[in-house]
2 protein chains.
Amino acid sequence: MMPEPPMILSPEDMLEIESSIVTTEGMGARIRQIFGGNRLRDNPAFGVHDIAWEVEASVDALDVFTSRWTIEILATLYIAGDRRFNELRKLLVGISSRTLSDKLRKCTENGLIDRIVVDGPPVRVTYRLTEHGLRAGRLLGPLVAYMKLQKGSVQ
Amino acid sequence: MMPEPPMILSPEDMLEIESSIVTTEGMGARIRQIFGGNRLRDNPAFGVHDIAWEVEASVDALDVFTSRWTIEILATLYIAGDRRFNELRKLLVGISSRTLSDKLRKCTENGLIDRIVVDGPPVRVTYRLTEHGLRAGRLLGPLVAYMKLQKGSVQ
DNA sequence: AAATTAAGGTGCAACTTCCACACCACGTTA
DNA sequence: TAACGTGGTGTGGAAGTTGCACCTTAATTT
């Protein structure tokens, strides 16, 4: 299942990545504290900003990522940099050109990706993360690194 | 679309969250550098660990999150703490009991969630993030916070 | 000159996943 | 006695995804 062979990192790189993950976990825990505290402080009794509100806000915030391939496309553009349609299709093993086309359109509509047309002939179309997409990609980085370590594809 | 009214944070909390997000972005960028550098250093010419390998490893790492509702369920347990089946169903507006049941089973199989049965009668079943699930939830925190700010549901 | 390749997709049938609705066994509450 | 809360499962249809064929334009290969 995992891509072989695993990438072997030097002990220094390994330590730095592990410490980045732990630091990010700390950030996440702190953010959780602030949101939770704010929720309780605002409405001790029946709150507008109760748990249901916060869950709904989070579901809403993640909405953009929760259809298949979206995260993978962002991660790919983040890792590989600007790519053209057929390059993405080769990198994203298993995606159909139909689905790739649909997802790229949705990501473009959501402001995560720019579609850059360089007209030829031949016309070439490059996809690039927007500033917003790039930030999302970076924020996904520690989670991806953690999952890679967990799965053993990086050691 | 966004949950109303927005949560208003104090300037201090706002600053701390923004700085957590920026710090996490820095971690993400650094991790990217290390992986990218390791890739090139390993195989200047034809590499085993080329971009395709890294994309595949990332797609693989994220596989667990890429079906509908999975991220939302994790985020909900992360925000709300341990919850029982019907509590989750009420919090996750729009999910069917069928789908919730299936997704909880899959998350349990993937080691993200523990299913805790307290037998009665009545039998009660509590779902709880595993240590692994909790870490994933924390790592998701900065991204969720960033998206909430972006959407204006937190100001 | 003809065929193939590559660009960036679209059209369609088959397949998989998701959803709404009904329902189950059991126990408590009204 | 009937309705309700507990944690789900069964079913059919709707929605999402896939593989394959195909399109237009132009360059390259045979």
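Modeller: A word on conventions: residues are numbered from 1 along each chain as its sequence is written, and chains are lettered from A in the order in which they are written. In this predicted model, local features need pLDDT of at least 70 and side-chain atom pairs count only at pLDDT 80 or more, while totals for chains, interfaces and linings use all residues; side-chain values use heavy atoms, with hydrogens and water left out.

Colleague: Thanks! What makes you say that chain B is in contact with chain A?

Modeller: Contact means heavy atoms within 4.5 Å. By that rule, 74 residues of chain B are in contact with 74 residues of chain A. The two chains bury about 7,700 Å² between them, 70% of it on carbon and sulfur atoms; buried area is the accessible area (1.4 Å probe) that two parts lose on being put together, summed over both.

Colleague: Why is the pair R30(B) and E16(A) called a salt bridge?

Modeller: The term asks for a side-chain nitrogen of Lys or Arg within 4 Å of a carboxyl oxygen of Asp or Glu. In R30(B) and E16(A) the closest N and O atoms are 2.5 Å apart, so the pair meets the rule. Across the interface of chain B and chain A, the rule finds 10 salt bridges. As for where chain B touches chain A, helices α1 (11-42), α2 (51-62), α3 (70-80) and α6 (131-151) of chain B each supply at least two residues to that side. The most comes from α1(B), with 20 residues. Helices here are DSSP runs (H or I, at least four residues), numbered from the N terminus.

Colleague: How do you know that S20(A) is buried?

Modeller: Buried means under 20% relative accessible area (1.4 Å probe, protein chains only). S20(A) has 5% relative accessibility, so it counts as buried. This serine is found in helix α1 of chain A. Leaving aside neighbours within four places in sequence, S20(A) is in contact with M27(B) and I31(B).

Colleague: And what makes the phi of W69(A) worth a remark?

Modeller: Most residues other than glycine have a negative phi. For W69(A), phi is near 80 degrees, a positive value in a residue other than glycine. W69(A) sits in the loop between α2 and α3 of chain A, and at 8% relative accessibility it counts as buried. In chain B, W69(B) also has a positive phi, of about 80 degrees, and lies in the loop between α2 and α3 of that chain. With a relative accessible area of 7%, W69(B) is therefore buried.

How values were computed. Buried means under 20% relative accessible area, exposed over 50%, partly exposed in between (1.4 Å probe, protein chains only).
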